[in-house]
Amino acid sequence: MNDSTRPLFTAACAARANAHAPYSDFRVGAAIAAGGKIYRGCNVENAAYPQGLCAEAAAIAAMVGDGVKRIDQVMIVAEGEALPCGGCLQKIAEFAAADTPLTVATPAGEFNRGILRDYLPRPFAL
Ligand code: THU
């Protein structure tokens with residue numbers, strides 16, 4: 001963990017604490033550095049399962065709702081060394097460059113540090 005990832009890790013953990021995950025019991029927090037701020041989100045599940053929202057999507061919605069469309073760095077925190085899903089990587093790719101730093105952590109600390117291209121080598125693009 002370095003000086004730029006520590007505040008993102010703290011924000012992602014705080015968001016994760018607010019996760020609404022009564023169905024999967026799998027809590028996820030995401031934090032995005034963009035436009036000089038940190039935008040955070042958690043997963044928000046629903047009794048109608050497909051209506052649930054991933055943490056990354058919630059953080060992106062907060063960012064875009066604030067008028068910011070360029071992601072500088074991403075941090076995702078979940079248990080079990082889970083990597084972000086393909087759909088969320090595609091959502092991140094909409095607003096990030098191939099070399100945008102993306103770190104994945106458990107609450108105990110980071111375990112996978114890379115760039116977007118490492119996780120999603122060939123995003124869909126029009
Ligand atoms: N989840 C995320 O929030 N982000 C991901 O990248 C993968 C999965 C959530 C969705 C659901 O609420 C729970 O994790 C279990 O799939």
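Start with E45: an N or O atom in its side chain is 2.5 Å from an oxygen atom of the ligand. That is a polar contact, meaning a pair of N or O atoms within 3.5 Å. This is a predicted model, where local features need pLDDT of at least 70, side-chain atom pairs count only at pLDDT 80 or more, and totals for chains, interfaces and linings use all residues. Residues are numbered from 1 along each chain as its sequence is written, and side-chain values use heavy atoms, with hydrogens and water left out.

Next, E56. A polar atom of its side chain lies 2.8 Å from a ligand oxygen. A55 uses its backbone: a polar atom there is 2.9 Å from an oxygen of the ligand.

Now the shell. Around the ligand sit S24, F26, V28, N43, E45, C54, A55, E56, P84 and C85 (near means a heavy atom within 4 Å). By class, six are nonpolar, two polar and two charged. Here Ala, Val, Leu, Ile, Met, Phe, Trp, Tyr, Cys and Pro count as nonpolar, Asp, Glu, Lys and Arg as charged, and the others, Gly among them, as polar.

Last, the fold. There are four helices and five strands, in the order α-β-β-α-β-α-β-β-α. These are DSSP runs: helices are H or I, at least four residues, and strands are E, at least two.

Key. Polar contact = N/O pair within 3.5 Å; in protein donor to acceptor, adjacent residues only side chain to side chain.
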